Amino acid sequence: MACLELRGVAKSYGTGDSATHVLRNINLKVEQGEFVAIVGYSGAGKTTLMSLLAGLLTPDRGEIVLNGKPMVGPGPDRGVVFQNYSLLPWLTAYDNIMLAVNQVFKSWSAEQKRAHVDKFLSMVKLTAAAKKRPHELSGGMRQRVSVARALASNPEILLLDEPLGALDALTRATLQDEIEKIWRENRTTAVLITNDVDEGILLADRIIPLSAGPAATLGPEVRVDIPRPRDRRAITHDPAFRSIRNTVIGYLLGPGARKKPGKMDPAIVLSPQTEEALA
Amino acid sequence: MKSFREKAWYLILPFFGFAVILGLWALVASTFAHNLPSPAKTWEISKPYIVEPFAKRGELDQGILRFTWYSLVLVAKGYTLALILGTPLGFLLGRSKLFSRGLDPVIQLLRPVSPLAWLPLGLVLFEKSEPAALFTIAVCSMWPTVLNTAMGVRSIPKDYINVARMLQLSPLQTFYKVLLPAALPYMFTGFRLSLGIAWLVIVAVEMLTGSPGVGGFLWQEYNSLIYEHILLCILTIGFVGLLLDRGMKLLEDRLRPAEAR
C-alpha cells in the first residue's frame, strides 16, 4: 500500500474569471520508505503542492490519502521542513525541537523527552549549539535544526519544501550529503520539493518534474537507479546521472515549459535551449 | 571612532541646551513677564518641597515626590486598566479581518478625543472622581497598545502559525507559545507609548477632579498665586515622564528579537 497518494488533485486561488489555477490533475503515489523529489520552476506551485501534502491547504478537487485514510488538515504525522526559517526565534535550538516532542509524546517522562531531543540534536551534529537561539546559528545550522525538529516527532512522512533554497552553494552541498545520510539511516518516507535537478537526483529514488504554471501538473517520473551512498563528485560522471538529468531538463524546457499562446503544442516544437540540453 | 574632543563635546552639548533655556527664562522674567518668577526665585520658593520631598505638612502642602507618588499610583491603576482592555482588543483586531473592518473606523474616531472631553463623560457615568479619572486615563492611553498589538499580531510570519498548525497546538497553546511571544516586541512599543499618554493625561485629570497629585498641586498653586510651584511641577512632570519612557525603552529593547537589534 502506498504511504501517500494524490488522485486528480487540483487547486486554484480566487473564484470565477479572476481565479488562478495553480495545480491541475496531480497524481502521485509515494511508497513506504521511498524518497521522491519533485522538481519544478520557481512560482510553478511547488509551495502550494507542499501545503496540500502538509494539509495546510485543502484541494479543490481530487483527494489525498495518507496510509489508506483521507487526509484531513495538518498534523504531526507529517514532518515539514519549511523553505524559510520557521524556527521560533525566541526559543533555543533545543526548545524548538522540544516544542514538537512535547506535543507528540505527551505521555513521556521529562527524562525520555530530553534524551529524545538530544538524540536528534546529535544526529544533525548540533549538540554544541543546543542552547543557541536561531539568530546565533548560520543558515545551514538553522535548517539542520528544522530537519531535527521534523524528524523528532517520528513522522510517517518527511516533507522537505526547498529546504536548502536560501543557502549558499557550499553549505547546500554539505547539507545535501547530510540529508542523504540521515535519510539512509532513518528510511522515513520523504518528499522533497526543489528547483535543483541535481539535488533531486542526488537524494531521491524517483524524480518527477512539475510543469510551469499556471495550472501546473506532474510530468513523467524518472527512476534514479544510482546505488547509495551516492558520491556527489563521482555521480556527475555517471552516464545514468546524465541521462536522468537530460530527461528531466528536457521535459521542463519542452513539454513542461510555459505554453506560449498562438504557438504549436510545445510538446512537438522544442526550443533551442531544450535541444542544447538534450544534446 | 570619534576623537576624545568630539566625545566630550557630545556630552557637554545638552548642558548648553539647558543653559540657553535657563537664560531665556531669566531674561523673560526680568523684562516683560513680571508675574513669571525668575529661576533663582523658583529655586528658593521650591526648595522646601525638594529637600524634603516626602514631607506631609498638610493635605495641600506636601513634598513634591509625595505628590508625584499619588499621581503615579493613579496612573498605574488607569494604565493597568488600559492594558487589560487594550491588549485583548488588539489581538482581536490583529487576528480577525471582520473585527478589524468593523472596529477600525470607531477607533480612528475615538483616538483623537482629548482627555478634557472624556472626563466629564466619566463623571456622568461613574459619579465619582476616582473612577472617572481611571476611565479617562484608560480610554485615552489604550490606543497605542491596541494598534501596536494588532500590528504585531498581523505581522507574525505565516510560517510560525503553520508550525503551530502542523503540531496541532490547541488555540490556547498557539496563543501562549506562538502568537504572544511573536507579537510581544510590538506590544511593548504600544505599552511604552500608552504609558507616555497616561502620564500626559494625569495632569489634566487631576486639575479637573482636584485630586491630590502633582497636577492637582500645580492647579492649586496657580489659584494660590504661588507661580514658582507651577514651574516646579512642570519640571517634575517632565522628569518623571522621561524616566518612565527610558525605563520602558530598556524593557522594550531587551524584548526585541536579537536579529533586529
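**Close-up views of a predicted model**

**View 1. Helix H4 of chain B.** Helix H4 (residues 97-110) of chain B has 14 residues and spans 20 Å from its first C-alpha to its last, close to the 20 Å expected at 1.5 Å a residue. The model is predicted. H4(B) bends by about 40° at B:Leu103. A proline, B:Pro105, follows within four residues. H4(B) is hardly covered: among its 14 residues, the count of buried ones is zero.

**View 2. The open sheet of chain A.** Four strands of chain A form an open sheet in the order E2-E1-E4-E5. The pairing is antiparallel. Strand E2 (20-31) and strand E5 (69-70) are the edge strands, and each pairs on one side only. Strand E4 (residues 61-66) meets E5(A) over two bridges, in the antiparallel sense. A:Leu66 has A:Lys69, in E5(A), as its bridge partner.

**View 3. Helix H1 of chain A against the sheet.** H1(A) lies across strand E1 (2-13), E2 and E4 of chain A. H1(A) runs at about 55° to E2(A). Helix H1 covers residues 46-54, and its buried residues include A:Lys46, A:Leu49 and A:Met50. A:Leu52, A:Leu53 and A:Ala54 are buried as well. Just after H1(A), A:Gly55 takes a positive phi of about 90°.

**View 4. The contact between chains A and B.** Chain B brings 15 residues to the contact, and chain A brings 18 residues. On the side of chain B that touches chain A, helix H7 (158-166) and helix H8 (171-209) are the elements that give two or more residues. H7(B) gives the most to that side, with six residues. By class, this side of chain B has nine nonpolar, two polar and four charged residues.

Notes. Residues numbered from 1 in each chain as written. Chains lettered and ligands numbered in written order. Predicted model: local features only at pLDDT ≥ 70, side-chain atom pairs only at ≥ 80, totals over all residues. Buried ≥ 20, exposed ≤ 12 C-beta atoms within 10 Å, placed from the backbone. Contact = placed C-beta atoms within 7 Å. Nonpolar A, V, L, I, M, F, W, Y, C, P; charged D, E, K, R; others polar. Expected span 1.5 Å × (residues − 1). Bend = angle between axes of the 7 residues up to and from the residue. Pairing = 2+ DSSP bridges. Axes fitted to C-alpha atoms, helices over the stretch in contact; angles between N-to-C directions.
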